[in-house]
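Please read them with the structure open.

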Amino acid sequence: MAATTSHARGAGAVPDALQRRTLITVAAAQVLGGAGLAAGVTVGALLAQEMLETSSLAGLPAALFTLGSAGAAFLVGRISHRRGRRTGLVAGYAAGAAGGAGVVAAAALDSIGLFFAALLVYGAGTATNLQARYAAADLAEPRRRGRAISTVLVATTLGAVAGPNLTEATQPLGRVVGAPALAGPFVLAAAAYGLAALVLWVFLRPDPLLHARNVALTPAAAGVPAGEEASGTPAPARGRFNPGIALGGAAMVLTQIVMLAIMTMTPIHMQAHGHGLGATGLVIAVHIAFMYLPSPLTGVLVDRIGRKPVLVASGATLLAAGLVAATAPVESVAVLATALALLGLGWNFGLLAGTAMVTDAAALATRARTQGGVDVGVALAGAGGGMLSGVVVAAAGFPALAVGGGVLALAIVPFAARPARRPAG
């Protein structure tokens with residue numbers, strides 16, 4: 001029966017019911033995590049502009065919490081490697097909750113130093129949202145990895161779309177605690193991250209990564225010849241260059257830079273042209289919806305046509321996003337929303353295909369550590385994009401940033417356009 005069917009993996013077998021339960025638990029946490037991320041992202045730049053009294057540093061919050069997410073990605077990856085996904089993800093979400101509360105306290109006290117420090121800690125939630133996708137893949141068959149990852153990503157949509165649209169409704173929460181109104185969404189973020197940690201701590205049992213190791217989901221146990229991974233791709237010797245990890249990681253780095261740079265400065269661009277917080281929240285909500293909502297279709301494409309063709313589509317879509325954003329009439333919320341939708345879709349293509357490629361290439365024994373290391377690079381690149389976005393806009397304008405980001409996204413295409421080899425089940 002479906003509830004007891006197991007993946008055929010030689011000496012190790014994973015019941016389908018266990019994989020379903022893992023996906024449901026992680027997806028539930030992602031709904032909450034998405035709200036925690038989106039609420040802060042929507043108003044972070046605006047709160048910084050209000051506290052710093054300048055727009056040239058408005059990209060700093062995104063840079064700081066992305067930089068913080070780099071450190072968190074490393075720590076969550078290491079904790080997961082040693083103690084399992086459950087402990088690693090719970091620690092990350094708890095830190096994100098503490099960071100959100102710290103931002104509220106900093107705004108209430110008008111403390112710039114505390115504000116910067118809290119944003120770094122808040123970034124742990126961002127890292128954990130991304131690391132959760134790996135938990136979906138731990139027990140998945142290689143030929144279904146894209147769809148497993150997509151299940152978790154699409155679950156983020158509900159919270160991520162609700163978050164920006166709650167920015168106005170949550171502003172009174174900021175005033176209740178004696179902080180500026182723009183701190184209100186960070187109250188929501190702290191609560192959402194805290195609840196996500198609670199869900200995982202209570203329900204993510206058994207731990208998917210530890211269980212995968214316990215049932216010996218290794219090439220030898222699965223009857224795969226020595227020197228090959230479960231995906232059927234030859235595994236490079238230890239210490240040698242791994243093309244799968246390199247290409248998948250590079251794709252995620254580029255998509256993160258482009259997405260974060262353009263997304264960060266869109267609220268500032270809209271505010272400068274007379275748009276209110278409601279319109280800004282709508283555009284960001286559309287953007288975040290397209291970051292996650294297409295995931296089921298993307299997952300099918302990644303599994304059926306291969307990782308590399310989807311990476312090519314990512315570069316092309318991000319270029320289109322940049323061109324539409326650069327040429328959008330300043331009064332048109334609809335065109336800006338279209339540009340940000342394309343930006344989210346391009347990011348989705350790159351993240352899902354890159355994640356599957358890295359997971360295919362990483363040995364199970366060191367998978368969590370490798371994935372954490374890749375996400376450190378992704379986060380650091382995003383921090384650079386967020387930091388430079390305000391400077392670029394101040395010097396050359398938003399259209400220059402949008403076009404430049406779109407062109408940068410094409411850098412991965414020559415490598416990804418090489419003939420792909422489908423992973424075998």
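1. Asp110 is found in the loop between helix H3 (85-109) and H4. In this predicted model, Asp110 has a positive phi of about 55°, although it is not a glycine. Most residues other than glycine have a negative phi. Asp110 counts as exposed, because its relative accessibility is 54% and the cut-off for exposed is over 50%.

2. Helix H4 itself covers residues 112-137. Its 26 residues should span 38 Å at 1.5 Å a residue, and the end C-alpha atoms are 40 Å apart, which agrees. Of those 26 residues, 19 are buried, so H4 is largely enclosed by the rest of the structure.

3. The peptide bond that joins Arg205 and Pro206 is cis, with omega at about -5°. Most peptide bonds are trans.

4. As for the chain overall, its secondary structure comes to 16 helices and two strands. The chain has 425 residues, and buried residues make up 58% of them. Among contacts with a separation of 6 or more, 84% are between residues 24 or more positions apart. The accessible surface is about 15,300 Å², and carbon and sulfur atoms hold 68% of that surface.

5. Which residues touch the most other members of the largest nonpolar core? They are Phe115, Leu200 and Leu343, in a core of 97 residues. Helix H13 (residues 333-361) gives the most to this core, with 15 residues. A second, separate core has seven residues, including Ala72, Ala73, Ala124 and Val376.

6. With neighbours within four places in sequence left aside, Leu343 is in contact with Val258, Met259, Ile262, Met263, His287, Leu318 and Ala321.

7. A search of the whole structure finds five aromatic pairs. Tyr292 and Trp347 form an edge-to-face pair, at 5.5 Å centre to centre and with 75° between the planes. Tyr292 lies in helix H10 (residues 277-292) and Trp347 in helix H13, so the pair ties together parts that are 55 residues apart in sequence. Tyr292 is buried, with a relative accessible area of 4%, and Trp347 is also buried, with a relative accessible area of 2%. The cut-off for buried is under 20%.

8. Elsewhere, ring pairs link Tyr93, Tyr122, Phe186 and Tyr193 into a cluster.

9. Two arginines are placed over aromatic rings. Arg86 lies over the face of Trp201, 3.7 Å from the ring centre. Arg133 lies over the face of Tyr134, with 4.2 Å to the ring centre.

10. Last, what is the distance in space between Ala35 and Ala189, C-alpha to C-alpha? The two are 6.5 Å apart, although 154 residues separate them in sequence. The place of Ala35 is in helix H1 (residues 16-52). Ala35 counts as buried, because its relative accessibility is 12% and the cut-off is under 20%.

Definitions and conventions: Residues numbered from 1 in each chain as written. Predicted model: local features only at pLDDT ≥ 70, side-chain atom pairs only at ≥ 80, totals over all residues. Heavy atoms only, no water. Core = buried A, V, L, I, M, F, W, Y, C linked by side-chain atoms within 4.5 Å. Buried < 20%, exposed > 50% of the residue type's maximum accessible area, 1.4 Å probe, protein only. Helix = DSSP H or I, 4+ residues; strand = E, 2+ residues; numbered from the N terminus. Contact = heavy atoms within 4.5 Å. Phe/Tyr/Trp six-rings, centres within 6.5 Å; stacked < 30°, edge-to-face > 60°. Lys NZ or Arg CZ within 6 Å of the ring centre and 35° of its normal. Expected span 1.5 Å × (residues − 1). Areas by Shrake-Rupley, 256 points an atom, 1.4 Å probe, with all protein chains shown as cover.
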